[in-house]
Structures are given as structure tokens and as C-alpha cells.
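Me: I'm new to this one. Could you walk me through how to read its ring contacts?

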Amino acid sequence: MKRRDFFKYLGIGSVGAALGFGFGKLIKPPGAELIPYLVPPEDIIPGVAAWYSSLCTQCNAGCGIIVKIMEGRAKKIEGNPLHPINKGKLCSRGQAGLQALYNPDRIKGPLKRMGNRGSGDFEEISWEEGLSILSKNLSELREGGNAGKLHVLTSKLRGHQDILINEFMGAYGSPNYSQYELFGHENLRLANNLSAGINAIPHYDIGETRYLLSFGADFSSTWLSPVNYSYGYGEMRQGRGSRGKLVQIEPRMSLTGANADEWVPARPGTENALALAISYAILEKGRYKGNDAGNWKELLKGHSPKKIAPLAEVSEEKIYAIADEFAMTRPSLAIGGGNLAGYENGVDALVAVNILNHLAGNIGAKGGVIPNPESPIKGKQASPRAGFTNPLITLKAKASEDEVKTLIVYNTNPLFTAPKVMKMDDALMKVPFMASLSSFMDETTAMADLILPAHTSFEDWGDDFAEPGVGYSVASIMQPVVQPVYNTMGAGDIFIALGKGLGAKQSAGLPQAGFKDYLKDSWKKIYAARGLRSGSFDEFWNDFLAKGVWRPIKEQNINAIKISASRVSRHITAATSNFEGSANEYPFYLMLYPQAGYLDGRGANLPWIQELPDPMTSVVWGTWVEINPVTAKSLGLKEGDMVSIESPYGEVKAPVYLYQGIRPDTVGMPIGQGHTAYGRYAKDRGSNPMELIPFKEGSKKDGELPINSTRVKISRTDAWVKDDTLVKMEGSTRELGRNIVKTMSPEEFQRIEAPAVKEVG
């Protein structure tokens, strides 16, 4: 090797070490081709960063992002300051999106199952073969008169990707396109539909309210649009003339509860009755001036504070105090979160929150509940929520009846998020053919016969109309910010390719070369129909891509929300939520909640998220069970002890975390760990508390699984779960003899001599 070549190679190697493992592809021995960065592509200037606008898909909030690109690699993600949802801010999940793009456990190309289903025995195949296998399966299914037995199950999709799949299924002849996520907020939509006739989530104007009454809505962490609401909460607390007040009602203190002025630990399952008691108190004191006040008082007569106080274990005085403050402070706002939605009577509880807002005059008011306008593409999108029956219940029933011949799954993991007693694995085993478009080998994808891995959001095209919005129309664009890292394909492109593979009839509405063209042509129609602005469409499109967000100049009409006593009367019940298991055998209520980083488990494969301390416990890399110190003492438990948590339906193990912010009769567990697949960072780590909850088909009004619906018992165990030692980042709450905190008695304080006041004369 020549000395000059040696130093050239050494120099590039040092740059590669600084840039990361991807740049290592350019570090070759002398004689290898180095031209790509000696004569770089015209859109790449070595050492100079470019920023591209796009869309965050780590949850469903619809935040806008800008991505820093250097030498063709994504380096950093920030919030888009032009986007009204997140206003330049971004949560930890959004920041960790880079680790989804460059995750070493991503599926790197199409796979075909070779061994038994679920064995993980796959072989690599080409895209041509993979698309051919699925196209042939769909052709044979339709030719056999079974087109209606094709099912497509996806995560929550909006915008034109949703429309494309709906059009594909319509052309194929199957109505069975549905969307499922564990925390999909279906009960909130249903409550709005039943009480006000709208199937949408409104804008909760937290930033402008002066009194916020939250029933288990952890908006600082995981509920609906955490970045938007956290920003609004900061504005509320800044005090525009007065500092806004937050009252949080929940059995287990969440991050939002920890930031509240008052935390009210009501007994689990009584929040519905408590909300109605507050409404009754407003009526009793004459705070509501509507002509139908008599109708409301008659409807709520069974929910007087005197009757509900011992049930909820909240004093009458507190109920009346909350009612007075809520009704007299202008503006005020009540919200109901996932804690309410997780009860068996979750829909009725969320209707009760709507009643509170109606009686206080908060609906349609600044600082209250503001309806969002309809999407510009409303009416073309799929209707996966028709009937509001949980799609997993429908899928399980039809699979058991041999009504599902082919199932296509995209970016959703029902085998992990469904209750174990639901036996979704048995249901999927009855499906003759299953294809997954997911990018990771999660529990559901491992059951597939064919895997066609889709791009991540950083490599794909798309758009979004956020729900909830911000009170006016907002559209976001998603564009590729890097070249595909692996041999993957966009989900939209996969469905377009399948349509073409099925023949002219199937692809008649999909003439485009790919999803990018489909998306652009769709926006041309919106541009023409709405008369967005002067100038050419290309100018509009380029501006849209550059800014990442579009707001129409002319707003659509917003339908007013109207709530009447007669409309909601069938949702008023004196019963509290049901919990499975007798109180004698199972003495503790179980409260499950989405963890700030893992959410429903989707974030567990990202090491940044695993390493991120939980905001309330500081625990990392594991599961835990939260127990009140008084309860732990009565059970002879100390922090870190491994215990068994057993319900009538299952048993899991976890270490104890002593938590003062939980009722003594309640234990809490985060959802997100306990994966049996999903890559090296998630597999076999911790426990999945979904194994504890019951499965009930319920009525058609149920849109979500009732995760807060069982009692449990706690017992010490010597059986340790692998990698589940309690590891936390917080220090000790005790001084350990170091005399850190100086104290004095009241008597000593009174003996302190006040400083003399000098007269000025």
C-alpha cells in the first residue's frame, strides 16, 4: 500500500467513524470506488445539512417535523415551527423516530414462510415473487366467489393512504377494511356521536381556559395530542390576567395529575357518577340558565352529591366546591381521558363529561370545546368505525366462522395488544393465508405466511388531517427525506402494485405509476375544487412540500354541537363500572395505562425509549407494579421485591415500585413491555399486563377494550422474570443520615426575631 493511499484511506475512515455505521459503506480498502463523494450527487453538499419537512407517525397526533439530512442520512428530528399542532415542539417518541429508520432489527426485504406458522422460519424472496404470491392468492379468492372474505387490518390511517386502501377494497369487492389500535379513542368518538351527533374529536382549547377539570386525561404524556396540549397547558399557566387552575380526578396519579393544583383520587369506576354529581350540583345551585334546566335536574336526580360522595369516596364539600369553581370560572373546560374510556361503562362516562361542558356553557366557546371542520376529503375515506364494534371482536368472530380466507395486516399488532384470554392467536391460525406489510417482526407479523415490508415514514409519501385538529383545517404532507435504507416498498405502492397484478378492472382507478403520483393527482383535485390561491398547482405543491403544512384560506362550515337531556338519557346510570373478581379474593383494583415512551408497546423496540426514564417512576428497561407504601407494608413488601399479580384471567410477575400517588386499594401497571418478538431491544423484557384483563364481546356501543375492568391479588414470588430487575434513575427520598434538609420546629420559627424596619423621614 502506498503511503499517500494509506493516509487517504485513514482520513476517510475517521470521518466515517464520526458519521456512524451507515457511512462505513463508503470506507473501502485502497482501490475501491470513492467517486460518489468525490463527485457527490447534486443535491448533496458534504458537511452541509439540509432540512426537510415531513410528518411524525410515532403516534396519531399528526405533529409536523423537520428532519436534518447530511450526506444522505437523517441525523436529527425537530418539530416544525410552522405546524399549528405542535408549534415547533416534539416529544421523546418523535425524537426517537430515527431509531425506527435505522433499527438493526428492521425486516430488510420480502420474506416467505418456510416452517410452521409462528416458527419464525422465513426465506428471502424478491419483490416480484412476493407481489406475485399475494396477487395470485387474491385472484383465486375472487374467482372462487370469496372476495368478501378478504380482510385488511391496519393501524389508524388518515388521508389519501386511507382512501387508496378503501378504493382498492371497493374495487376488489370486499367491505372488510378496518383499523385497530389499543388506544384508538373510539369510545370518545362514540360518546360525541351519541351525545351530539358528531363522529369526531373536537378541539379542547386548553390554552385559553382558566379552569381545567380532567377525568383521567393524561394530556401531558399520552392522551390524544400531548405536544399540542402541553403547549396549551403552558399558555394556560402563564396567566392572562389570572393563572389557570387544573383539577385532576383519577385513582392513580399520572404525569398530568402531578402537575395539577389538586389531585382527587376517586375510587376506580366511580368517575362517571362523580361527573354527574358535579353536574347535579351545578343545577342545584342554579348555575345553569337554560330553559331545559328542569329536564336535566329530573334526569340527574339520582346523582346528588350526598348520594355519590360515599360511593366515590370524595366529600360532598369537595364536589360542591368543584361544581362552583367549574361553573363560575370563565372559561372552563372538562375533559375525559383514557382512564375513563378503559372502563366497561367508558362511553357513558365520556358522555357525562360532555354533559358537564354543556351545562357550564363551554361548548363552542373559546377556552372550551371547539368543533373541528370537516376534512376536505371527508366522505371518500374508509368507515372502519361503522357500528363502533371493536374490529378485533369482528375479526375473531369471522375467523372462527371460516369467513376470513386472506388477511392483510399493516402496522398493527393485535397479538400483543389483545387480552390473552381473547385467544387472537388461535383465531389467526384459522386464517388460511396471512400477509403482513409491517417493517418489524412483531408478534403478529411472525404469524404471517408472507411479509412485504413497507417503508418507514422517513422513506415514504403520505398526507394527514390530524384528529383532533386545532379548531380549523390543517393538512400535513409526508415526503421521503432519505433513500430507502433496505429493500422495502411504500404501503401505497404495494396496494397499487397489487391492483395492477389483479388486472385492468382492479387497477382502473389506479392509473398512476406509484403512490407519489396518486397523492399528487389527488391534491390537484383538491386544489381545483377549493380554489386555493392564484398561481399554478406546481407552485402550491412545492410550497406545501417546503412548509410541510397547509391551511385553507376559506374555512368550511362547522356544525354546532347540541346536547339535550332526552338524547343522553339512556346513558345515565347509577351503576359504577364493573370489575371482575370478588373483593375478598382479589382485593385490589388494577389500573393499566400507556407508558409515556412505549405507548401501546410500539416504542419498546427503540433503545432510546427503553433508556428513557419513566417521568413518574424513573424506571428504565423494564416493567413494574405500583403499590401504595401503606399497602406494601401490610403485605410485607419493599421496593424491588418480585411479586405475582394475579387476576381471574391470568398472572404476570413484576418488581414492586412504592408509589404514594396511588390509592391503597389500587395497583397500577404500564402497558408496553412483555414482547415475545419485536427485535432485540423488546423481546423477553418485562411482562405484558394485557394478560390479566378479561375479554367480553359486550354491546355494539363498545369501541375499545376495557383495560380497567378487573381486580387482582398480589403475592411475593421468588420466580424472577428475565431482565426485569427494577432499575431506576431516581435517587433516594431519605437523607440516609447526611442532614441534607435543614429543619426547624414551629416554636423555633416563631422565636426568629423579625428585622427592624427603619423609618424614612
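**Charges and rings**

Reply: Let's start with a charge over a ring: NZ of Lys or CZ of Arg within 6 Å of the ring centre and within 35 degrees of the ring normal. Here, the charged end of Lys-108 lies over the Tyr-486 ring, 4.9 Å from its centre. Likewise, Arg-252 has its charged end over the ring of Tyr-593, 3.6 Å from the centre.

Me: What kind of model is this?

Reply: This is a predicted model, where local features need pLDDT of at least 70 and side-chain atom pairs count only at pLDDT 80 or more, while totals for chains, interfaces and linings use all residues. Residues are numbered from 1 along each chain as its sequence is written, and side-chain values use heavy atoms, leaving out hydrogens and water.

Me: How many aromatic pairs are there?

Reply: Rings of Phe, Tyr and Trp (its six-membered ring) pair if their centres lie within 6.5 Å; planes under 30 degrees apart are stacked, over 60 edge-to-face, and the rest tilted. That rule gives 23 aromatic pairs. One of them, Trp-523 with Phe-540, is tilted, at 6.2 Å centre to centre and 40° between the planes.

Me: Are Trp-523 and Phe-540 buried or exposed?

Reply: Buried means under 20% relative accessible area, exposed over 50%, partly exposed in between (1.4 Å probe, protein chains only). Both Trp-523 and Phe-540 are buried. The rings of Tyr-527 and Phe-537 have centres 5.6 Å apart and planes at 75°, so this pair is edge-to-face. Tyr-527 and Phe-537 are both buried too.

Me: Which residues do ring pairs link into a cluster?

Reply: Among them are Trp-461, Phe-465, Trp-541 and Trp-550, along with Trp-523 and Tyr-527.
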